[in-house]
Structures are given as structure tokens and as C-alpha cells.
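Biologist: I would like a close look at a single part of this model, with its surroundings described strand by strand. Please keep to what can be computed from the atoms.

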Amino acid sequence: AADQFNKEIANDAQAMKDRHRRENKHNRNQNMDPDAENVLEPEDKDNGKYHSARDRVKSWGKKIKRISQYQHSDIMPNIGDKSLAYARLRKEYDELLPVEDDKDLDRMRANVDALRKRTYLNIMEGDEGMTYDVLDCPFDPPLGYPYQWNIQKVLDNWGPDDTEPRTHIYQGLCQFDFETEADKAMNYREAEVPFVVRNDPAVMRTSERWNQPGYMEKLLGDQPHRTEYSPNNHFMYWQKPKKKMRKKGLVPEDWTPPTEMMRMPFAEWLEHANAKDESLLGPDMEHWYYRLIGCGEQGDCDRGSSEYLFDELSFFQPRNDNDLYMVNPKKQKGIHCRFGMKGVIAENHFDGSRNMIALMGGERRYILAHPEQCENLSLFPRGHPSARHSAVDWSDPDWDQFPQFRDAEVNEVILQAGDVLYLPTFWFHYIISLDVNYQCNTRSGVTKDYQEHISECGF
């Protein structure tokens, strides 16, 4: 019996060691030594934050020492970061930022409100077609929702290369308060139309934590992550062209990749993003776009994947009771986070699945268009390295080369800390980082509601 017990101990220790090495390469620094002992103290045993099922056991002869792991309130059994290093980090900040009563909720709301540095007012201009108030929308989506304006009017009001905030914008999307209008948000989501939801306590909790000084540096450590480099502020998606597409003439002979892919630690990216000299952030200067990927149930989908994203963003967990954000949990394709420095532009495009987009800090301007606008938006065709993305430079449109672009209709919305945007399948979005920001998104299946418009456009 003793031999069997010791064998089980050894197997458990090896399993934890393997899991730690696989999931936590990013936490190898002195401040987060994953091999440091986390001894179970009497007060910890009583506070309910540890449970014996996940006790780690070490044995020296006849003495057995139990090392228990902190379990945060949002943990899921099969996904996320199970390391002692992450458990210790969360324990530290969960104690610093408790969520136990209304006083804590008020603190959290106040901290996130402080991150929203300005209010954007809607340009109505007496438009007869817009019959609703975006801050007090009806239960059912109004006829013609969301309202759209001519693209030239929107771009003339606020050019994409200009990151200086405006007081008024062309907002057509409804904004719902999660605490009082969650039922409205769900109704719009089921109607497969875009909207923004604000003040979800789960989202605000993450936003508050991510904006604590030093937290992101501790969370990401020195693990290099995907980073995209551009010699200017424009980031056009691309894939390596296939030979048969070149033969068909779908790839210009002089085509070269518009951006460069690399990897760098978070601290290095942040140094670029926090440039004190504003002239270094101009549209013609170098920009870097940072990315994290949590694979979840997809398995090993990325080198050095950030599995802690499933712990950090509990509202994006693939649970059946998470129906506002997760339409089809089984179809989730991981969690992707993109950190933008001031001025970064992600070119206009559509995605082939539902998309929930949360902003944890900073501001992003989204210019949106209904799938019916596909032909007006002048997309690169199928087979092109940047297919399904607009060929038009929105910062300086060539109206003569793309005359149909004059007829495009769009609206816009500014996402701030704690906001979540829902984009149904095939909805177009053009994204501008107004300052340093943290954005994460997840997808959960496909709806065919707008397939007809995209098919007519050649996709």
C-alpha cells in the first residue's frame, strides 16, 4: 500500500511538472517562480479558497507536505492556466480587488468609469430615418437598424489617420447597460444585429485588473508573442499567395507582404506603444500590433499560447449558461487578444463567424457596415492574399478608381474600457486605435442571415 501511495505521489508530481512546463513558459522570471512553495496555512484552509482535490503532495521519507493551489472563482476544469504561478498571481490581485459585496462593485465601477476619459455624442442632423436614441433603444430592433450614413460624410467628419477625439460621431448602434438592459441585448443578439453592452460586472472586473500598474507585465512575463510590424499605421491582413492563384492572375506581379510577422515580449511592445514623442506615432511612422492567443479546447494552436485568457476573461468561457456572449460554445475558436498602439488601423473586412469583441482598456473606433454594402466596399477578390478586405485606402480614398465607394453607407462607435461589441457573421468593420488599448474577441459559430449579400459579392 505504501509503495502504491508513493507511486501515485510521483505520478501526480510528474503530471503537474509536465503541465507547468507546457502551459507556463511565459512566467519564468524571479517574481513568478512556479517552483516556489505555496504551503497551505491554517487560515487558508478555513477561507474556502483551496480544495484538497487539487493538492500537490511532496514527500520526504515519512513526512508529507501538502501544497495547495488557489482556485479563483471563475476557474473551469478543462481549460485555462492551472499553474501555481498563475494561481499565486490571481490570489494576490483577487485579495487586492475583492468582489464580495456592493461596495466592491461600486469600487470596480468607479475604477472602470475613470478609464473612460470622454463622452461621445451622436450626430443626428435631423435624419428622419433614425427613429431611436442609441442610449435608450426599444426592446426590438427598429426598422432599418442600425442606421447608416454616407461614408464620405463620416470620413470627412473624422479622418482615419486623425486620432484626436471628436465630440460628435455617427453612431447607429444601440448601447445597453448590462445591469438593467441585459434582456434587450439578448433580444438584439438573437435578431443577429450588432450592438454594444456596457457595465457587465464580469467584464469590468477584468478591465479593472488589467489596468492595475504592473499586472500585465506579471501576467505576460518575458514570453515572446506574435507581433505584426508595419512601416506605417496601416495593417492589411494577408496570407502567403498560392502558386495557382498567381497563375490565374489574382495576385499582382509586384505584390509584396504589407506587414512583417515577428515575435516579441510584452515589455518590448509596450516600450514602442508608450513612445513619449508624439511624432513617433504619426501615420507614416513604424507601428507594432501585439497579439495573444488562448487555444482552449482547440489544443496546441499557437506556440507559447496564453491559456490564462480563459481565466482572465470568464465572460468568454465556452459555457452553456453564457448565452449572451457564447451562441454556440462548441464552435468557439479560442480567445484572441490584440493590443494596439496609437494610430494602428486594421483595414476594413468581414469575418465568417459571429464575433464578440471586448475592450479592456483604451479606446478603439469601429466603422461598421452592413453586409449589403459588400459591392460598394470594393474588396480584394477570392484568391488574393488580402481577400475579403477592402482595396480602398480609407485614409485617402481614390474616388475615381473606386467610384462605387462613394455610395457606401456606414456608422461608427467608440469602444471604451468594459464595452463589448457584438458583430454578426459577415458584418464589416474598420478599426482605429485612438490610444494604447487592449482588445479581446471570441467567436461562436456561424449564422447564414447575411450569406446572400456576401455571395452576390463573390464570396
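Modeller: Strand 15 and strand 16 (residues 409-415) run antiparallel and are joined by five bridges. Within that pairing, Tyr366 has Val413 of strand 16 as its bridge partner. The model is a predicted one. Strand 15 also pairs with strand 18, again in the antiparallel sense, here over six bridges. Arg365 is bridged to Ile432 in strand 18.

In general, side chains in a regular strand alternate between the two faces of the sheet. In strand 15, Arg364, Tyr366 and Leu368 point one way, while Arg365, Ile367 and Ala369 point the other way. Residues on both sides are buried, where buried means under 20% relative accessible area. Strand 15 (residues 364-369) is largely enclosed by the rest of the structure, because six of its six residues are buried.

Strand 18 leads from here to the largest pocket, as strand 18 (428-433) supplies at least two residues of the pocket lining. The space in the largest pocket comes to about 820 Å³. It is lined by 32 residues, and those closest to its centre are Glu228, Tyr237, Arg291, Arg338 and Arg443. By class, the lining holds twelve nonpolar, ten polar and ten charged residues. Other strands that each give at least two lining residues include strand 8 (225-230), strand 11 (287-294), strand 12 (332-340) and strand 19 (437-444).

Those strands have places in an open sheet of nine strands, ordered 6-7-17-14-19-12-11-8-10, with mixed pairing. Strand 6 (175-177) and strand 10 are at the edges with a single partner strand each, so one side of each has no neighbour in the sheet. From one strand to the next, the twist averages 25°. Strand 10 (260-264) and strand 14 (355-361) are also among the strands that supply at least two residues to the pocket lining.

Inside the sheet, strand 8 and strand 11 run antiparallel, joined by four bridges. Glu228 has Tyr289 as its bridge partner in strand 11. Glu228 is also one of the residues closest to the centre of the largest pocket.

For a helical element, take helix 7 (residues 201-210), which is mostly covered, with eight of its ten residues buried. Among the buried ones are Val203, Met204, Arg205, Glu208, Arg209 and Trp210. At the start of helix 7, a side-chain oxygen of Asp200 comes to within 3.0 Å of the backbone nitrogen of Ala202.

Key: Residues are numbered from 1 along each chain as its sequence is written. This is a predicted model: local features need pLDDT of at least 70, side-chain atom pairs count only at pLDDT 80 or more; totals for chains, interfaces and linings use all residues. Side-chain values use heavy atoms; hydrogens and water are left out. On a 1 Å grid over the protein atoms alone, a cavity is a set of points where a 1.4 Å probe fits but cannot get out, and a pocket is an open set with protein on both sides within 12 Å along at least five of seven lines; lining residues have an atom within 4 Å of a point. Grid points are joined across faces, edges and corners, and a volume is the space filled by probe spheres set on the points. Ala, Val, Leu, Ile, Met, Phe, Trp, Tyr, Cys and Pro count as nonpolar, Asp, Glu, Lys and Arg as charged, and the others, Gly among them, as polar. Buried means under 20% relative accessible area, exposed over 50%, partly exposed in between (1.4 Å probe, protein chains only). Two strands pair if DSSP finds at least two bridges between them. A polar contact is a pair of N or O atoms within 3.5 Å; within protein, one must be able to donate a hydrogen and the other to accept it, and residues adjacent in sequence count only if both atoms are side-chain atoms. Axes are lines fitted to C-alpha atoms, for helices over the stretch in contact, and angles run from 0 to 180 degrees between N-to-C directions.
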